[in-house]
Amino acid sequence: MENSLIIALDFANGNEVDKFLVPFEGRKLFVKVGMELFYQEGPAIVTKLKESGHQIFLDLKLHDIPNTVKSAMTRLAGLQCDLVNVHAAGGKEMMMAALEGLEAGTAAGQKRPSCIAVTQLTSTSEKQMQNDQLIPVSLKDSVLHYAALTKEAGLDGVVCSAWEAVDIREKVGGGFLTVTPGIRMATDAVGDQKRVATPQFAHNAGVSAIVVGRSITRSADPVKSYEQWLEAWKGEKY
Ligand code: C5P
């Protein structure tokens, strides 16, 4: 999990995913299945990607009453993803219920999926957070609060922006995953993301994994782009 580049497979259906993955034939990737793809294809898409040897982050961002989240996580655990997530805004009790569900749904001898919590979405600015969510503190303080709450609940880490990773480690200690979307090369379009950082910045901040979507999936040459991203992220030639 540490030092991973996770490709967000934000496609409308499985055919588009198949087409995207053809030039990656033979490579074992770490991919993210989000709501759009999962709602279209269901659990079968996860099973198929898993059978091809890829690691899976199932990004469904659960946020509901504890009992519902627990039951849902029990089902998701059966898919044997590597990573799943919830919204920290659902609260500590909900996050603990998520873990209970994952543990209940993980077969004996299998590893339970790691579970992380979204702090503040990387598409949220401080102003939006203060106006829309009526959270009167700074964005950094809100993220740090959610990170501490997530740690207390026993989860494995958080989704945050690369800008917050160092402070989170300082606050909650090491061995806690920081998974960071909103990553862009200096020349890339930012789109709807607000708290963006370059792969080099994320590397220097010591984040556990970066999530990259459109910069790779919408590139004219996704394999070349992926290799450029690996190089920028890990500082190694591929
Ligand atoms: O295309 P882009 O690189 O912006 O994709 C980022 C991916 O990470 C999207 O799939 C988005 O849903 C996800 N994500 C995010 N911010 C979070 C959590 C997940 O952008 N806080």
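Helix axes are lines fitted to C-alpha atoms over the stretch in contact, and the angle between them runs from 0 to 180 degrees between N-to-C directions. The model described here is predicted.

**Helix pair H5 and H7**
- The axes of helix H5 (residues 92–105) and helix H7 (residues 139–153) cross at roughly 45° and come within 9 Å.
- Because of that angle, H5 is oblique to H7.
- On the H5 side, the contact is made by Lys-92, Met-95, Met-96 and Leu-99; H7 contributes Leu-149, Thr-150, Glu-152 and Ala-153.
- The crossing of H5 past H7 is right-handed.

**Helix H1**
- Gly-14, Val-17, Phe-20 and Leu-21 are the buried residues of helix H1 (residues 14–21).
- These residues lie on the same side of H1, because they cover an arc of only 120° around the axis.
- Asn-15 and Lys-19, on the other side of H1, are exposed.
- The cover over the buried residues of H1 includes strand S1 (4–8) and the helices H2 (35–41), H3 (43–51), H10 (214–217) and H11 (222–234).
- At the start of H1, the backbone nitrogen of Asn-15 has a side-chain oxygen of Asn-13 within 3.1 Å.

**Loop residue Thr-124**
- Thr-124 sits in the loop between strand S5 (114–118) and helix H6 (126–132).
- Its relative accessibility is 9%, so Thr-124 counts as buried, the cut-off being under 20%.
- Leaving aside residues up to four places away in sequence, Thr-124 touches Met-129, Gln-133, Leu-139, Lys-194 and Arg-195.

Definitions and conventions: Residues numbered from 1 in each chain as written. Predicted model: local features only at pLDDT ≥ 70, side-chain atom pairs only at ≥ 80, totals over all residues. Heavy atoms only, no water. Helix = DSSP H or I, 4+ residues; strand = E, 2+ residues; numbered from the N terminus. Buried < 20%, exposed > 50% of the residue type's maximum accessible area, 1.4 Å probe, protein only. Contact = heavy atoms within 4.5 Å. Arc of directions from axis to C-beta. Polar contact = N/O pair within 3.5 Å; in protein donor to acceptor, adjacent residues only side chain to side chain. Parallel < 35°, antiparallel > 145°, perpendicular 65-115°, else oblique. Left-handed = near helix turned anticlockwise from the far one by under 90°.
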